[in-house]
Structures are given as C-alpha cells and as structure tokens.
Amino acid sequence: MTVLVCTHNRAKLLLRTLYYLNMALRPQGWQIDILVLVNACKDNTLDSLFQFHEQTPDGLPLSWVEEPTPGKSHALNRAIPLIASDLVTFVDDDHRVDEDYLANVCNATENYPEAGLFCGRILPDWDDSEPAWVHDSGPYRIYPLPVPQFDQGDLPRRLTPEIAIPGGGNLFLRSKWLRRVGPFSTDLGPIGHNLGGAEDLDWILRAQQLGALLQYIPSVIQYHYVEVDRLTLSYLMKKAYTRSASTIGLTNKPNNEHVPLYLYRKLGTYLFFALTSLHTDRRRFYLVRTAAALGEIKGYRQCMDACKTTNDS
C-alpha cells in the first residue's frame with residue numbers, strides 16, 4: 001500500500017501528518033510506504049522531509065517527488081504513474097490518522113473484495129480552543145462546517161451519488177482504478193490553499209460511472225487540523241461561496257439559457273432574513289446561506305459559459 005500525501009507550503013503540519021502515520025499500528029503481511037508530492041513549495045518542506053527521513057530510520061519507507069506546477073490536481077496526476085502498489089490511500093497534509101488507521105484500511109480491502117473505492121470518516125480535530133457555535137446542533141447550525149467533515153454513521157454501507165459523495169481527504173482505492181479513470185481535473189482542483197476544489201468529487205463520480213463500487217468504512221478515521229483563526233464570519237462566507245461555485249456542476253446539469261429563477265428567490269430570501277435578524281446565530285446562518293446561494297449562481301453561470309463555448313466550437 002502507498003500512502004499518498006500532497007503538500008503545499010505546510011512543512012510543520014506535514015511533519016505532524018507523517019509522525020502520526022508512523023505511530024499507527026502496522027498490519028501484518030502488508031508492505032506500506034509513503035509518497036509525498038511536493039507541490040510548488042517555497043517554504044522549508046524539502047529540508048523538513050530530508051530531516052524527518054534521517055531521524056526516523058525505523059519509520060515507514062518515505063519518498064518524495066516535486067511537482068512545480070501549482071495545483072493539487074497537478075500533484076495527484078504526477079503521482080499516478082509512480083504508484084506500483086496494489087492499494088493507494090490519500091491523506092491530506094493537515095490530517096492526522098487514527099492509531100488503527102493503517103490496519104483498518106487493509107482489513108477493509110480484504111473484507112470487501114468487490115469494492116474498488118473506499119472512504120472513511122473525517123472528523124474535526126477539536127482541542128477546545130474553537131468557538132462554541134461550531135458545536136451548535138440547533139436550527140441555525142453552520143453546515144457544512146468550515147472544517148472538512150465526513151461522517152455517514154457507525155455502520156459500513158455502500159455509497160452511491162444519491163447518498164453521499166466523499167471528498168478525497170480519506171479516500172482509499174485499488175490502484176488499478178487510478179489508471180482506469182484517468183487524471184484528476186486541473187480545472188476543478190485547488191491551487192495553493194485557496195478554497196476551490198471538487199476535483200476529488202469529479203474523479204469519484206467518473207469512477208462510479210465506470211462501475212466502481214464505493215464502500216464506506218466508519219472505523220477508518222482521519223482528523224482534520226482546525227485553524228481556529230479561520231473560524232470567522234468572513235471566512236465562512238468566502239468558503240461557502242467558493243465551494244458552492246466549484247461543485248454546482250457536479251450535481252446539476254445547467255443549460256445555456258438562464259440561471260434558474262428559484263436560485264434568485266433563494267438568494268433574496270436568505271438575504272432578507274440576514275438583514276432583519278437580531279440574533280447573532282440566526283444572522284450568521286443566513287449570511288452564510290446567502291454566500292452559498294451566490295456561489296450556486298456563479299457555478300451555474302460558469303457551466304452555462306462552458307456549455308456555450310462547447311456548442312460554438
């Protein structure tokens with residue numbers, strides 16, 4: 001199994017990720033290595049990798065490759081021809097894995113031989129420094145949270161696009177599907193640490209269209225690092241806007257005529273409630289929904305433009 005980590009200017013968090021991978025229990029009968037794709041890094045990532053490698057002689061075999069073109073999709077595509085193992089698992093550079101992560105990944109692939117793709121849980125790595133509103137479960141809870149989270153319950157289940165589409169943060173798969181599905185979209189993937197994305201969702205959907213079965217394994221857990229400084233209203237709105245714009249084309253098939261009127265009605269409703277709300281939680285909720293609705297409209301317009309360009313050509 002190859003553990004694939006793409007990184008961009010996050011040397012400190014990357015070392016944390018590698019530390020927890022090496023601390024995880026190692027399953028018997030499996031060879032496991034780590035491959036890091038260093039994507040257009042300008043910090044001390046390369047020096048940090050070399051030092052970590054020198055200081056952990058008994059750690060999991062570690063190698064790294066540079067990909068100078070900015071963008072996570074470019075890094076992922078650079079990795080595809082380098083993976084010779086039977087299984088590849090994706091770990092983000094701001095995640096830490098559970099101590100049973102490696103063992104549970106390997107067990108899952110043995111227990112579900114019919115599945116080609118697998119996903120586990122992604123949970124925020126809370127440390128009690130976060131604001132109280134992130135734990136709100138009431139009518140004005142913020143969803144999705146600004147910290148990535150994916151949790152489909154306590155029981156294994158088969159996932160289809162109608163149920164849920166996981167991101168790539170805790171995805172693992174039989175490597176043959178990498179070559180069968182092909183490269184990740186460089187139009188959808190994030191560049192640097194911007195809030196764009198959806199290259200992973202797009203890839204998973206293409207894999208499922210080709211017949212790949214996706215199995216959810218709740219015991220496979222990764223924890224996402226929480227940047228408390230980002231838990232602000234401006235960040236929430238920016239992320240809601242950007243992520244909605246980048247994912248709208250995956251679940252909708254906009255035509256090239258007009259943006260659906262219901263989106264404008266939704267936008268107007270959310271904005272009205274945001275401007276007239278006296279309660280902080282209610283106002284925050286509707287401001288974030290307003291930003292998401294604006295992102296949906298932008299996403300539709302982008303799809304319409306792309307459709308028009310295709311038709312014209």
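**Salt bridges and cavities**

Analyst: In this predicted model, Asp 154 counts as exposed, at 60% relative accessibility. Its salt-bridge partner is Arg 121, with a distance of 2.6 Å from N to O.

User: Is Arg 121, the partner of Asp 154 in a salt bridge, buried or exposed?

Analyst: Arg 121 lies in strand β6 (residues 117-124), while Asp 154 is in the loop between β6 and β7 (157-159), 33 residues apart. The cut-off for a buried residue is under 20% relative accessible area. With a relative accessible area of 13%, Arg 121 is therefore buried.

User: How many residues apart in sequence are the parts tied together by Asp 93 and Arg 10?

Analyst: The side chains of these two residues, Asp 93 and Arg 10, form a salt bridge of 2.9 Å, N to O. Asp 93 belongs to the loop between β4 (87-90) and β5 (95-97), and Arg 10 to the loop between β1 and α1 (11-23). The pair therefore ties together parts whose separation in sequence is 83 residues.

User: Which residues are linked with Arg 10 in a network of salt bridges?

Analyst: Arg 10 is buried, with a relative accessible area of 17%. Asp 93 is buried as well, at 4%. The network of salt bridges links Arg 10 with Asp 93 and Asp 94.

User: Where do Arg 206 and Asp 202 both lie?

Analyst: The side chains of Arg 206 and Asp 202 meet in a salt bridge of 3.1 Å, N to O. Arg 206 is partly exposed, at 22% relative accessible area, whereas Asp 202 is buried, at 17%. The two are 4 residues apart, about one turn of the helix, and both lie in helix α6.

User: How many salt bridges does a search of the whole structure find?

Analyst: Side chains of opposite charge can pair when their charged atoms come close. The pairs discussed here include Arg 121 with Asp 154 and Arg 206 with Asp 202. For the whole structure, the search finds 12 salt bridges.

User: Which element gives the most to the lining of the largest cavity?

Analyst: The structure holds 2 cavities of 30 Å³ or more, and the largest has a volume of about 100 Å³. Of the 14 residues that line the largest cavity, the closest to its centre are Lys 72, Leu 76, Phe 90, Gly 168 and Phe 184. Two or more lining residues come from each of β1 (2-7), α3 (72-79) and α6 (199-209). With 4 residues, the element that gives the most is α6.

User: How many nonpolar residues does the lining of the largest cavity have?

Analyst: By class, the lining includes 1 polar residue and 4 charged residues. The number of nonpolar residues is 9.

Terms used: Residues are numbered from 1 along each chain as its sequence is written. This is a predicted model: local features need pLDDT of at least 70, side-chain atom pairs count only at pLDDT 80 or more; totals for chains, interfaces and linings use all residues. Side-chain values use heavy atoms; hydrogens and water are left out. On a 1 Å grid over the protein atoms alone, a cavity is a set of points where a 1.4 Å probe fits but cannot get out, and a pocket is an open set with protein on both sides within 12 Å along at least five of seven lines; lining residues have an atom within 4 Å of a point. Grid points are joined across faces, edges and corners, and a volume is the space filled by probe spheres set on the points. Ala, Val, Leu, Ile, Met, Phe, Trp, Tyr, Cys and Pro count as nonpolar, Asp, Glu, Lys and Arg as charged, and the others, Gly among them, as polar. A salt bridge is a side-chain nitrogen of Lys or Arg within 4 Å of a carboxyl oxygen of Asp or Glu. Buried means under 20% relative accessible area, exposed over 50%, partly exposed in between (1.4 Å probe, protein chains only).
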